[in-house]
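Please look over the sequence and the model shown below before reading on. The report then goes through the chain step by step, from its overall form to single residues.

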Amino acid sequence: MIQNILLPVVDKQTKVLVVGSMPGVQSLEKQQYYGNPRNHFWGIISELTGTMVPEQYEERLALVKKHGIGLWDVIRACERVGSLDSNIKNEITNDFVALFKRYPQIQAVFFNGTKAHDVFKKKLGFELLVGKEYYKMPSTSPVPGRNIKTFDQKVEAWRALEQYMLRGE
């Protein structure tokens, strides 16, 4: 059983929560969200915020938090060989009930890919999101999936996140 010990990146300013499935091997080894340098997530954040994404991970987290963006994963533990979502089995979910109770100001949830969306729906149910908007987004993974999109196409789709982002310095 693989354990995901990445804590949620959320604070009282978080307006939108980006929810992944389960970090890949590189991300777990680095203990970083989207730690695979080929993953498009940080490049998309760069485009949406109009800033260069910092090299240091702690500064990357500060950047998303500054814009009201939080990060977490649906899956707390699972069985998986390698990093592919398609290999995930026997998922145990994170406690979103407690998270939403502690941070009621979260207005929207953006599911980063089909697996995150489907596991949330199956194991937790969308009733948990009553009063919040939610979106199934194209995965930022570097591995081509069923719905292959270019980086620019992903950026355009992820622009839906901008309406929830905090602006200002």
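## How the model is read

This is a predicted model, in which local features need pLDDT of at least 70 and side-chain atom pairs count only at pLDDT 80 or more, while totals for chains, interfaces and linings use all residues. Residues are numbered from 1 along each chain as its sequence is written, and side-chain values use heavy atoms, with hydrogens and water left out.

## Overall form

The chain contains six helices and seven strands, where helices (H or I, at least four residues) and strands (E, at least two) are DSSP runs numbered from the N terminus. Followed along the sequence, these elements give the pattern β-β-α-α-α-β-β-β-α-β-α-β-α.

The C-alpha atoms fill a box of roughly 40 × 35 × 30 Å along the principal axes. A compact globule of 169 residues would have a radius of gyration near 15 Å, and the chain agrees with this, since its own value is 15 Å; the radius is taken over C-alpha atoms, and the globule rule is 2.2 Å times the number of residues to the power 0.38. Among contacts (heavy atoms within 4.5 Å) between residues at least 6 apart in sequence, 70% join residues at least 24 apart.

## Inside the chain

Buried residues make up 47% of the 169 residues, where buried means under 20% relative accessible area, exposed over 50%, and partly exposed in between, with a 1.4 Å probe and protein chains only. In soluble globular proteins, nonpolar side chains tend to be buried together. A nonpolar core is here a set of buried Ala, Val, Leu, Ile, Met, Phe, Trp, Tyr and Cys residues joined through side-chain atoms within 4.5 Å.

The largest such core has 49 residues, of which Trp42, Leu71 and Phe110 touch the most other members. Helix α2 (residues 41–49) supplies the largest share of this core, namely five residues.

In helix α5 (residues 114–124), the buried residues are Ala116, His117, Val119 and Phe120. What covers them includes β2 (16–20), β4 (75–79), β5, α4 (96–102), β6 (108–112) and β7 (133–137).

## Positive phi angles

Most residues other than glycine have a negative phi, and most peptide bonds are trans.

Which angle does Tyr34 take, although it is not a glycine? Tyr34 has a positive phi of about 55°, and it is placed in the loop between α1 (25–30) and α2, where it is buried at a relative accessible area of 11%. Asn90 likewise is not a glycine and has a positive phi of about 55°, but this residue is found in strand β5 (residues 89–93) and counts as partly exposed, at 46% relative accessibility.
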